Amino acid sequence: MKKIRELWTRLKDTLEIGFYRVRQIIAGHRKKAVIITAAVLVVIFGLIWFFLRTYHDYKVLDTFSRNSDTSAEYYFRNDGFVCYSKDGVSFSNNSGEVLWNQVFDMSSPKLSVCGDYMAIGDVGANAIYIFNSSGLVGRLDLENPLQDLCVAEQGVVAAVLSDGASNQINLYNTDGEVLVNIRATISQTGFPLTLALSDDATKLAVSYIKMSGTIGSRIVFYDFSDPDSSGEKGSFEYDQLFPKLAFINDGSVLACGEKGFMTFEVGSNIRENTQVNVDQEIRSIFVTDSQVGVIIRNETSETVPEKYMLQVYSFSGRQRMSMAFDFEYKYVEADDDDIILYNDTQCRIYNYRGHLKFEYEFDQAIESFLPAKGRNTYMVIDSQSVQKIRLR
């Protein structure tokens, strides 16, 4: 019996020690689990705060004085910015240092950009200047007044020239040589409203206003890759105007009209690919690298009290986002990250989930509010300066 009691005592002590160690292990793991869970929750709430916060202030990263005409326009690139006005054009790096400038005298300058090339023409006059990041590469002296222009990534320029009852659409290289000449009579083809040139300058799309009967559009597609062809590949007619055309790649064209937008496939055959029609009045359309935004007046919905409705679509026509808002904007700018709405003194920035990212009222009148390179970074232009800012 004594041996049995001793054995039982040892077994009891061993079990108690074992249970004690198990409790210690469980308590340790529980503590680790609590710490891990707390850390995960901190990260989750941090991410929610980061993505869903609304900024109400900003930090000025850099300021450039506007020494030029206050009517000057700006175009921002990754390597700097272009400033152009009736008196000339300049290109500055991101530190504000002017790398080159060109003086000219224009009544109504218009800029077109593709890749490294920029073309500035004087609408109603007879001159186009072609630039790249190194400076002037060519000047075109036109035989008739300029109406519209578009540049390709190697500097080829498509220009619409006004010639009384007819119009010319010419393609020029940087030496001023006419590569293509298209004659468009107002009575037969229509009046050229706008045009788009592919990056490689082999394809052209032109939106004409039909002048016979009811006003509508004729969109004509040209292909210059085959030297033996006549150039025209196909055309489509519609009962609305299309004031904006853009090549979204070398094989597709986006056409934005009064009632919505559509895309065309411009391969060996031309065909309509996507069509999105909007019933309400369209106030604004914006285009980014991968999507189309449409802002309409919200006049029919009784359940949504806001004045405007913003709808975003992919180029394939799939709706990606819809939101209502009441902000009285005058201008809209957008890239694939942000939608910027602003008027003379107020600005709102939304992301593509419909979240209000930034809201601010400026003391001075702003002329432009544009996305810039860098997270939460933008360019703000007023009458005195150009500021690079970051939200905070």
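Here is a quick tour of a predicted model, taking in an open sheet, a hairpin, one arginine and a cavity.

**The open sheet**

Let's start with a sheet of 4 strands, which is open and runs in the order β1-β32-β31-β30. The pairing here is antiparallel. Strands of a sheet pair through backbone hydrogen bonds, in either a parallel or an antiparallel way. At the edges you'll find β1 (58-65) and β30 (366-371); each has a single partner strand, so one side of each has no neighbour in the sheet. If you look at how neighbouring strands of this sheet sit against each other, they are turned by 20° on average, ignoring direction.

Zoom in on β1 and you'll see that its pairing with β32 (residues 385-391) is antiparallel and covers 7 bridges. One handy landmark in that pairing is Asp-62, whose bridge partner in β32 is Lys-388.

**A hairpin elsewhere in the chain**

Another antiparallel pair is made by β8 (residues 127-132) and β9 (residues 135-141), this time over 6 bridges. These two strands form a hairpin, with 2 residues between them. Here the landmark is Phe-131, which stands opposite Leu-136 in β9.

| Strand pair | Sense | Bridges |
|---|---|---|
| β1 and β32 | antiparallel | 7 bridges |
| β8 and β9 | antiparallel | 6 bridges |

**Around Arg-348**

Next stop is Arg-348, which lies in strand β28 (residues 346-350). What does the side chain of Arg-348 make a polar contact with? The partner is the side chain of Tyr-350, at 2.9 Å. Leaving aside residues up to four places away in sequence, Arg-348 also touches Phe-327, Ile-339, Ile-340, Leu-341, Leu-356, Phe-358 and Glu-359.

**The cavity**

Finally, how many cavities of 30 Å³ or more does the structure hold? The count is 1. The volume of the largest cavity comes to about 60 Å³. Its lining is made up of Lys-203, Leu-204, Ala-205, Phe-221, Tyr-222, Asp-223, Lys-233, Phe-247, Val-266, Gly-267 and Ile-270. Two or more of the lining residues come from each of the elements β15 (203-210) and β16 (216-223). If you want to find the spot in the viewer, Phe-221 and Val-266 are among the residues that line the cavity.

Terms used. Residues numbered from 1 in each chain as written. Predicted model: local features only at pLDDT ≥ 70, side-chain atom pairs only at ≥ 80, totals over all residues. Heavy atoms only, no water. 1 Å grid on protein atoms, 1.4 Å probe; cavity = no way out; pocket = protein on both sides within 12 Å on 5 of 7 lines; lining within 4 Å. Points joined across faces, edges and corners; volume = space filled by probe spheres on them. Polar contact = N/O pair within 3.5 Å; in protein donor to acceptor, adjacent residues only side chain to side chain. Contact = heavy atoms within 4.5 Å. Pairing = 2+ DSSP bridges. Axes fitted to C-alpha atoms, helices over the stretch in contact; angles between N-to-C directions.
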